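Please keep the sequence and the structure in view while reading.

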Amino acid sequence: MNKNNYCVIMAGGIGSRFWPMSRNAFPKQFLDILDSGKTLLQQTYDRFTRVCPKENILIVTNESYVDLVKQNLPDLPVGNILGEPLRRNTAPCVSYAAFKIASKNPEANIIVAPSDHVITKEDAFIETVKEGLKFTQSNDCLLTIGITPSRPDTGYGYIQFVDDKKNGVGSIFKVKTFTEKPNLEMAQFFLKTGEFVWNAGIFMWNVKSILNALKNHLPDMYHLFEEGNNTYYTNAETEFVKRAYSQCTNISIDFGIMEKANNVYVMKAEFGWSDLGTYGSLYEHLPHDASKNAVVGKNVMLYDSSNCIVSVPHEKLVVLQGLNDYIVVESENILLVCRKQDEQQIRQFVNDVKTNKGEKFV
């Protein structure tokens, strides 16, 4: 296994679209949301142990979740858990991890990935990552993974690539444009052209390339974390990071760097990927009964119901009748019943609950 390979797993999100299963104090990456016996974070960590040594895996999370990471990954060195004092999007997260890794290994080759994605074809994923890291090891580039789209999905970002073998290598192509979630008409056009892939939010680069990109496109952030070079892996690191994050811009790595740099490439791949962002996407990954209901819970009885997703505690008896295309979720002291077509309103429900009922329910 290549000792220069590093992995940064981003695990600081709240996952509000999975409320009430996912709460501020216990978000979805720490849940066994697929009823598989492992949390999403554990699945992600296990996947990357096939790519790099365990001691080269870093988890970046909110400081309030550090203990949850320790519980999920007891064999991970505590120094590999990077606690963020504030939520500042993905650019500070990537910057912090890159500078920390560079202080230990200036030859590092890094993959950055979210903690809560589903990948059903793990062998294909590992081969994709190995091919990508081989490319970034010897090229000054920023590489992202693009998923061949199977439908005109309006919930994903899209990447347009240049199909020019002079620029690309094998399944790796030069990026032309990034587009945030399009409307249906635009998504249908993207599929028709064959020039677009879904943005999986998984990145690869060598540490020199990402630091150069930060210096060129986010210079304030670069200099902010550069000031901490003598604190990484010391007792002074936590205090430095608090200070740095209080001055950080809230910006994504996509908007801050990937959409601006001219050395960005995309690797086309297919490995059964989903960002598992909504109950609708979870429905696709659970087994269905004869009426196309997806059920998590050992004591659920359904009558005249179809196309529903039901997730309740195993010890709870639930009887449902006459529901079609509904989400039914019980978690602790909350019951959610919502039409699947209206699942985008769940974030609004959470905001309203916070305003009217207080923080204890979110």
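Contact here means that heavy atoms lie within 4.5 Å. In this sense Leu-323 touches Asp-304, Ser-305, Ser-306, Cys-308 and Val-328, leaving aside residues up to four places away in sequence. The model is a predicted one.

Leu-323 sits in the loop between β15 (318-321) and β16 (326-331). Is Leu-323 buried or exposed? Its relative accessibility is 18%, and buried means under 20%, so Leu-323 counts as buried. One of the residues it touches is Ser-305. Leu-323 and Ser-305 are 18 residues apart in sequence, yet their C-alpha atoms are 4.6 Å apart in space.

Another buried residue is Glu-237, with a relative accessible area of 6%. Glu-237 belongs to helix α8, which covers residues 237-247. Not counting residues up to four places away in sequence, Glu-237 touches Tyr-96, Lys-100, Thr-231 and Tyr-232. With two of these, Tyr-96 and Lys-100, the side chain of Glu-237 also makes polar contacts.

| Pair | Atoms or groups | Distance |
|---|---|---|
| Glu-237 and Tyr-96 | side chain to side chain | 2.5 Å |
| Glu-237 and Lys-100 | side chain to side chain | 2.9 Å |
| Asn-206 and Lys-208 | side-chain oxygen to backbone nitrogen | 3.1 Å |

Tyr-96 also takes part in the packing of two helices, α3 and α7. Two packed helices are described by the angle between their axes and the distance between the axes. For α3 and α7 the angle is about 40 degrees and the axes are 10 Å apart. That angle makes α3 oblique to α7. Their crossing is right-handed. On the α3 side the residues in contact are Ala-91, Pro-92, Ser-95, Tyr-96 and Phe-99, and on the α7 side they are Met-221, Tyr-222, Phe-225 and Glu-226. By class, this contact has 7 nonpolar, 1 polar and 1 charged residues.

Both α3 and α7 are also among the elements that cover the buried residues of helix α6. Which residues of α6 (residues 207-217) are buried? They are Val-207, Ser-209, Ile-210, Leu-211, Ala-213 and Leu-214. Their cover includes α3 (90-104), β4 (109-114), β6 (142-147), β9 (196-206), α7 (219-226) and α9 (253-258). An α-helix has 3.6 residues a turn, so residues three or four places apart point the same way.

Technical notes:
Residues numbered from 1 in each chain as written. Predicted model: local features only at pLDDT ≥ 70, side-chain atom pairs only at ≥ 80, totals over all residues. Heavy atoms only, no water. Buried < 20%, exposed > 50% of the residue type's maximum accessible area, 1.4 Å probe, protein only. Helix = DSSP H or I, 4+ residues; strand = E, 2+ residues; numbered from the N terminus. Polar contact = N/O pair within 3.5 Å; in protein donor to acceptor, adjacent residues only side chain to side chain. Axes fitted to C-alpha atoms, helices over the stretch in contact; angles between N-to-C directions. Parallel < 35°, antiparallel > 145°, perpendicular 65-115°, else oblique. Left-handed = near helix turned anticlockwise from the far one by under 90°. Nonpolar A, V, L, I, M, F, W, Y, C, P; charged D, E, K, R; others polar.
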